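Hello,

Please find the model we talked about below, with its sequence. My notes on what was found in it follow.

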Amino acid sequence: MRFVTNLLLMIGVALAFGFGLSWFALSDGRFFGSTQIGPWTIWREAGAPQPDPYSRAYVSRTGALQLGISEGLQFTASIDSDGRPLDRACRYRIDGTTPVATFWTLTAVAPDGSLITRPDGPTSLSSRRIARANDGSMELYVSRTLAPRNWLEITGDGAFVLALNLYDTSSFGGSSTGVPTLPAIIREACA
């Protein structure tokens with residue numbers, strides 16, 4: 001009887017460990033297909049013709065439309081550069097440079113993927129419609145309250161995600177060396 005009890009306990013622990021590891025791989029992905037650069041995450045294989053099993057599961061779970069590898073890359077961030085979750089009650093400054101790309105967009109969405117920008121306003125910021133500093137760096141603002149220069153107005157309450165789409169880029173390509181530089185996400189103030 002003791003043997004059966006111990007066997008059932010070991011099976012229960014193994015199942016819990018297996019399901020827990022599977023959940024972690026599909027929700028976080030740091031060790032299983034995604035790459036983290038500061039607050040930004042990319043699933044490099046998500047748009048590949050034959051993605052790895054973890055990237056395929058991520059795309060299935062999120063239902064997100066992924067760019068093909070030849071089209072571009074999508075970086076997402078649900079935390080700021082200090083590791084705090086993005087909150088619509090706060091103003092964020094996206095500061096720095098993006099990897100070289102023909103065109104890029106920055107969009108703010110709810111965790112379920114729906115747009116959270118003002119209905120009659122711009123849905124994203126893009127490389128063609130921003131003011132840059134002399135050195136090519138940028139300061140973008142995402143908030144519910146008025147911000148200087150390049151501002152993306154969001155609405156509502158709760159958490160949100162930033163999506164940075166790079167189109168026609170060689171980042172993470174075979175000829176690229178090193179890790180691309182991505183802008184910092186700095187929390188400035190909260191209401």
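Arg 149 is exposed, with a relative accessible area of 65% (exposed means over 50%, buried under 20% and partly exposed in between, computed with a 1.4 Å probe and protein chains only). This is a predicted model, in which local features need pLDDT of at least 70 and side-chain atom pairs count only at pLDDT 80 or more, while totals for chains, interfaces and linings use all residues. Residues are numbered from 1 along each chain as its sequence is written, and side-chain values use heavy atoms, with hydrogens and water left out.

Salt bridges

The structure holds ten salt bridges (a side-chain nitrogen of Lys or Arg within 4 Å of a carboxyl oxygen of Asp or Glu). Arg 149 is in one of them: its side chain meets that of Glu 139 at 3.9 Å, N to O. The pair links distant parts of the chain, with Glu 139 in strand E7 (138-143), Arg 149 in the loop between E7 and strand E8 (150-153), and ten residues separating the two. Strands here are DSSP runs of E with at least two residues, and helices are runs of H or I with at least four; they are numbered from the N terminus. Glu 139 is partly exposed, at 28% relative accessible area.

Arg 91 pairs with Glu 188, and their closest N and O atoms are 2.9 Å apart. This pair also links distant parts of the chain, since Arg 91 is in strand E4 (residues 90-96) and Glu 188 in strand E10 (residues 184-190), 97 residues apart. Arg 91 is partly exposed at 24%, and Glu 188 is partly exposed at 30%. A further salt bridge joins the side chains of Arg 93 and Asp 95, at 3.5 Å from N to O. Here Arg 93 counts as buried, with 18% relative accessibility, and Asp 95 counts as partly exposed, with 25%.

The four-stranded sheet

Four strands make an open sheet in the order E8-E7-E4-E10, and the pairing is mixed (two strands pair if DSSP finds at least two bridges between them). E8 and E10 stand at the edges with a single partner strand each, so one side of each has no neighbour in the sheet. From one strand to the next the twist averages 20° (axes are lines fitted to C-alpha atoms, for helices over the stretch in contact, and angles run from 0 to 180 degrees between N-to-C directions). E4 and E7 are antiparallel and pair over five bridges. Ile 94 has Leu 140 in E7 as its bridge partner.

Aromatic pairs

Two aromatic pairs turn up in a search of the whole structure (rings of Phe, Tyr and Trp, the last by its six-membered ring, pair if their centres lie within 6.5 Å; planes under 30 degrees apart count as stacked, over 60 as edge-to-face and the rest as tilted). One of them is Tyr 92 with Phe 160, an edge-to-face pair at 5.8 Å centre to centre and 65° between the planes. Tyr 92 is in strand E4, and Phe 160 is in the loop between E8 and strand E9 (161-169), 68 residues apart. Tyr 92 and Phe 160 are buried.

The six-stranded sheet

An open sheet of six strands has the order E1-E2-E3-E9-E5-E6, with antiparallel pairing. Its edges are strand E1 (34-37) and strand E6 (124-126); each has a single partner strand, so one side of each is left without a neighbour in the sheet. The twist averages 25° from one strand to the next.

E1 and E2 form a hairpin with two residues between them, and Gly 38 in the turn has a positive phi of about 60°. The two strands are antiparallel and pair over four bridges, with Thr 35 and Ile 42 as bridge partners. Strand E2 (residues 40-43) is covered on both faces: Trp 40 and Ile 42 on one side, and Thr 41 and Trp 43 on the other, are all buried. E2 and strand E3 (residues 72-77) run antiparallel and are joined by two bridges, where Ile 42 stands opposite Phe 75.

Thr 105 is in strand E5 and stands opposite Ser 126 in E6. Thr 105 is buried, at 11% relative accessibility. Leaving aside residues up to four places away in sequence, Thr 105 touches Ser 124, Leu 125, Ser 126, Ala 163, Leu 164, Asn 165 and Tyr 167 (contact means heavy atoms within 4.5 Å).

Regards
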